[in-house]
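Take a moment to look over the chain from end to end. Then follow the paragraphs below, one region at a time.

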Amino acid sequence: MKPYNTQESKKEEIREMFNKIAPNYDFLNHLLSMNFDRLWRRRMVRMVAETEPKDLLDVATGTADVAINAARKIKDCAVTGIDLSDEMVRYAEQKVEERGLSSRVDLLVGDAEQLPFVDGSFDATTASFGVRNFGDLPKGLSEMCRVLRAGGSCFIMEFSRPDDVPLFSWLYRFYFHRILPIIGGMVSKDRQAYTYLPQSVDEFPSHDEFESMMLTAGFSEVRSVRLMWGVAYIYIGIK
């Protein structure tokens, strides 16, 4: 599905959407998730740190929260972040500079489905809440695998549907589909962007299906860690 359902490709609509909401992106992320997004990103970075990467690529980096956390947490690791939206990258660059990390974090505008790096460039790849926005999900996963060195690890965090806890699932879906679009739309002035969010999660593969997609993309030893009764998962794949 696409955010605006125009004649443009999903990729172009996603770029337009994130360019529009970039000024309020961090504020709304933390507000609408009640700061769980911060906790989950930090947890994923701790998992990444255990693999002791020297070169890390954060795909769909957004405003660089994972890239910044990784640069702080992982000693002597060079971090690269890439995102389709030039406005998101502009805000990310401001955050990196304000935190004194410009020498540790390199940011660029680019397409996750055509990563501008040679094979085996990184020890680790990450993506947080971004892969469901890929125009071609299998291609994006294959690219994240391609740029990994043999033995490297891929960490992907993405929303899911907590269907196995009925009461929590009902409350979550009510908030996600009824409340979140109203608040997100009021603050960002783009109601459709925050209507797209829950719809895109509904259409995303189940965690079992997504693990199978990672295996097909070239990863091995794929596993997942459930967060908050299945609201999100961290997927780990080894090349």
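Which side chain meets that of Asp119 in a salt bridge? The partner is Arg146, at 2.7 Å from N to O. A salt bridge is a side-chain nitrogen of Lys or Arg within 4 Å of a carboxyl oxygen of Asp or Glu. This pair links distant parts of the chain, 27 residues apart. Asp119 sits in the loop between strand 3 (105-109) and strand 4 (122-128), while Arg146 belongs to helix 6. Helices (H or I, at least four residues) and strands (E, at least two) are DSSP runs, numbered from the N terminus.

A word on the source. This is a predicted model, in which local features need pLDDT of at least 70 and side-chain atom pairs count only at pLDDT 80 or more, while totals for chains, interfaces and linings use all residues. Residues are numbered from 1 along each chain as its sequence is written, and side-chain values use heavy atoms, leaving out hydrogens and water.

Asp119 is exposed, with a relative accessible area of 54%. Arg146 is partly exposed, at 22%. Here buried means under 20% relative accessible area, exposed over 50%, and partly exposed in between (1.4 Å probe, protein chains only).

The structure holds 17 salt bridges. Another one joins the side chains of Asp123 and Arg149, at 2.8 Å from N to O. Asp123 is in strand 4 and Arg149 in strand 5, 26 residues apart. Glu16 and Lys20 also meet in a salt bridge, at 3.4 Å from N to O. These two are four residues apart in helix 1 (residues 10-21), so about one helical turn separates them.

Now go inside. The largest nonpolar core has 54 residues. Such a core is a set of buried Ala, Val, Leu, Ile, Met, Phe, Trp, Tyr and Cys residues joined through side-chain atoms within 4.5 Å. Helix 3 (residues 36-49) gives the most to this core, with six residues. Val79 is among the residues with the most contacts inside the core. Beyond its neighbours within four places in sequence, Val79 is in contact (heavy atoms within 4.5 Å) with residues including Leu56, Ala67 and Val105. Apart from this core lies another, of 26 residues, among them Cys145 and Tyr235.

Finish at helix 9 (residues 207-216). Its buried residues are Phe210, Glu211 and Met214. They cover an arc of only 105° around the axis, so they lie on the same side of helix 9. That arc is taken from the directions from the helix axis to the C-beta atoms. What covers these buried residues includes helix 6 (137-146) and strand 5 (148-159). Just after helix 9, Gly218 takes a positive phi of about 120°.
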